[in-house]
Amino acid sequence: MQYTNTLWYVNQLQESLMLLEIDDLTKSYRRGPRANDGISLAAAEGEVFGLLGHNGAGKTTLVNQIVGLLKPDAGSIRIDSRDVVADPGLARRLASLQPQAQVPISGLTPRQAVGMIGRLRGLPAAEVKARTERFAEALDIREWLDTDGAKLSGGIKRLTSFCMAAVAPGRLVILDEPTNDVDPVRRRLLWRQIRAIAADGVAVLLVSHNVLEAEHSVDRLAILDHGKVIAEGTPAGLKSTVAEDLRLELVLEPGGTLEDVPAFIRQRASTGTRVVTAVDSVHAGEAVVWAESLRETGFVEEFSLTPATLEDAYVELVGRADALREDGTASEATDVRAA
Amino acid sequence: MSALRSYLLLIRWQALRYKMLLPLMLVVQGLLAFGIVAGYPLLFPELDRNTTLFLATGAPAITLLTMGLVLVPQMVAGAKTEGSYEYVRTLPVPRLAFLFADLTVWAAIILPGVAFAVGVAVLRFGLDLAISPFVVPAIVLVILTASCVGYAIASLAPPMLTTIVTQALVVFVLMFSPLNFPPERLPDWLRAIHAVLPIQAMGEVIRGSLASTSFAIAGGSVALLAAWCVGGLAIAFVALNRRG
């Protein structure tokens with residue numbers, strides 16, 4: 001299911017309808033750097049498109065321009081082929097948003113909140129009722145449907161907020177960190193529902209900084225760094241842009257350091273006693289022998305050799321872009337686009 | 001999706017959101033009205049009929065102004081802080097429908113307090129008020145103006161500043177506005193300020209409609225209120241539509 005053949009996917013995209021098209025979008029705030037700097041991306045009908053980036057990378061600025069809360073300095077945004085920069089009211093009819101901050105619903109039950117948003121978005125009452133029930137069932141939150149919002153846990157509030165965005169989705173659903181606070185079991189149920197609304201014929205723009213989760217749930221993604229798209233493609237495609245396809249993770253003995261690291265092992269990140277390195281699969285055997293020798297001599301407590309993850313690619317790509325930007329040659333060279 | 005349907009749904013939304021606050025607000029308004037009616041007479045050695053009339057008609061005016069100019073902006077500032085102001089702005093509803101729905105809910109919350117203040121004053125002073133039929137449009141106009149101005153303050157200022165401004169307004173309304181006393185007692189410069197601010201006109205319109213045989217309502221006061229009302233509404237509307 002999760003594996004996506006990149007070439008097949010690109011062919012599919014060319015045939016399908018682009019519901020969100022952003023072209024060369026630029027936005028700066030007064031007394032600040034460019035929050036969005038020439039962003040171009042597109043999401044198709046039926047697609048879950050991930051927008052990844054650090055805090056402050058420009059994700060929320062981009063979202064607020066799509067729904068018409070902010071006005072771009074330059075560039076265009078089209079939803080379902082219609083210019084929404086010129087008509088922000090249209091944007092709000094065509095797109096629904098689950099904001100990153102919790103939507104305050106104290107005083108309202110989830111049923112009332114979802115029901116009223118559905119009706120405000122123009123859905124007939126009977127349909128709103130049926131869809132509310134269906135989402136509540138699918139997300140396993142039925143028992144809280146009639147509980148006052150003030151008494152709900154963060155996770156249930158977040159799921160309610162998802163239902164409010166999904167009940168009458170329009171053509172584009174924007175979900176900003178939808179899985180925050182949600183327990184692992186319901187996270188899976190939520191991902192299934194995100195897939196389901198996409199399959200119903202909308203485009204889903206999923207904003208997140210959780211790279212691990214995104215790897216298994218988006219069709220394509222763009223990585224945003226300092227307001228620019230530094231990479232775009234399928235999770236598999238982006239992983240292939242990184243030279244080494246394996247990750248060797250070592251847990252050092254407390255106080256230990258790595259010395260005499262072989263040339264084919266590249267240190268990527270370390271936190272405390274945990275060191276993540278990158279290895280090409282042709283060196284897999286030698287890497288295991290080296291790590292095992294460290295374990296036997298007591299330098300390393302344990303190690304694991306696994307396929308590289310999207311997180312590895314993400315760290316690598318952002319690191320590369322940052323290094324280039326610091327060299328002052330950022331704008332031309334950072335654009336890595338995986339087919 | 002008609003604007004009317006949006007308006008009605010949004011009224012329901014806001015009413016449900018504030019329903020837990022409603023009893024508390026009624027208590028606060030009741031205490032405020034009671035305090036004005038019971039406390040202000042202590043400032044006067046003797047109460048003549050004119051003074052009691054000013055106190056009796058000033059109490060509902062002060063209650064209403066405090067709610068409109070202080071509570072409304074603080075609640076809007078609160079909605080901005082907690083994110084519901086921004087969330088509503090992402091919904092496909094006409095901005096005016098949202099604004100009017102909010103104002104309707106505020107009016108419904110403020111009205112019982114005004115009625116209560118009138119009742120307390122009549123009981124305390126044993127007055128026969130001459131309530132004119134104009135009282136309904138008069139009170140609606142004053143509530144709308146106070147709420148619109150309050151809304152405009154909260155729309156323009158960041159939440160922290162809104163709190164400070166409204167605290168200052170309370171003192172100004174309670175102490176330095178001719179609601180409980182005739183404007184002639186003010187120094188000239190303050191009278192000049194009150195001639196353009198809506199506070200005195202609000203007091204005058206309420207006084208004139210509750211004690212219609214003793215006080216007249218100047219057409220100019222109604223026009224001034226209407227101007228402030230439209231101005232406040234326009235500012236709040238522009239702020240809701242603003243794209244940064």
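Here are legends for a few views of chain A, a predicted model.

Local features here need pLDDT of at least 70 and side-chain atom pairs count only at pLDDT 80 or more, while totals for chains, interfaces and linings use all residues. Residues are numbered from 1 along each chain as its sequence is written, with chains lettered from A and ligands numbered from 1 in the order in which they are written.

**View 1. The whole of chain A, with its 12 helices and 15 strands.** Helices (H or I, at least four residues) and strands (E, at least two) are DSSP runs, numbered from the N terminus. The radius of gyration, taken over C-alpha atoms, is 22 Å, close to the 20 Å from the globule rule for 339 residues, so chain A is as compact as a globular protein of that length. That rule is 2.2 Å times the number of residues to the power 0.38. Along the principal axes, the C-alpha atoms fill a box of roughly 70 × 45 × 45 Å.

**View 2. Strand S1 of chain A alongside strand S4.** S1 (residues 18-28) and S4 (residues 74-79) run antiparallel, paired over five bridges; two strands pair if DSSP finds at least two bridges between them. Look for Thr26(A), whose bridge partner in S4(A) is Ala74(A).

**View 3. The hairpin of S4(A) and S5(A).** S5 covers residues 82-83 of chain A and pairs with S4(A) in the antiparallel sense, over two bridges. Arg78(A) has Asp83(A) as its bridge partner in S5(A). Two residues sit between the strands, and Asp80(A) in the turn has a positive phi of about 50 degrees.
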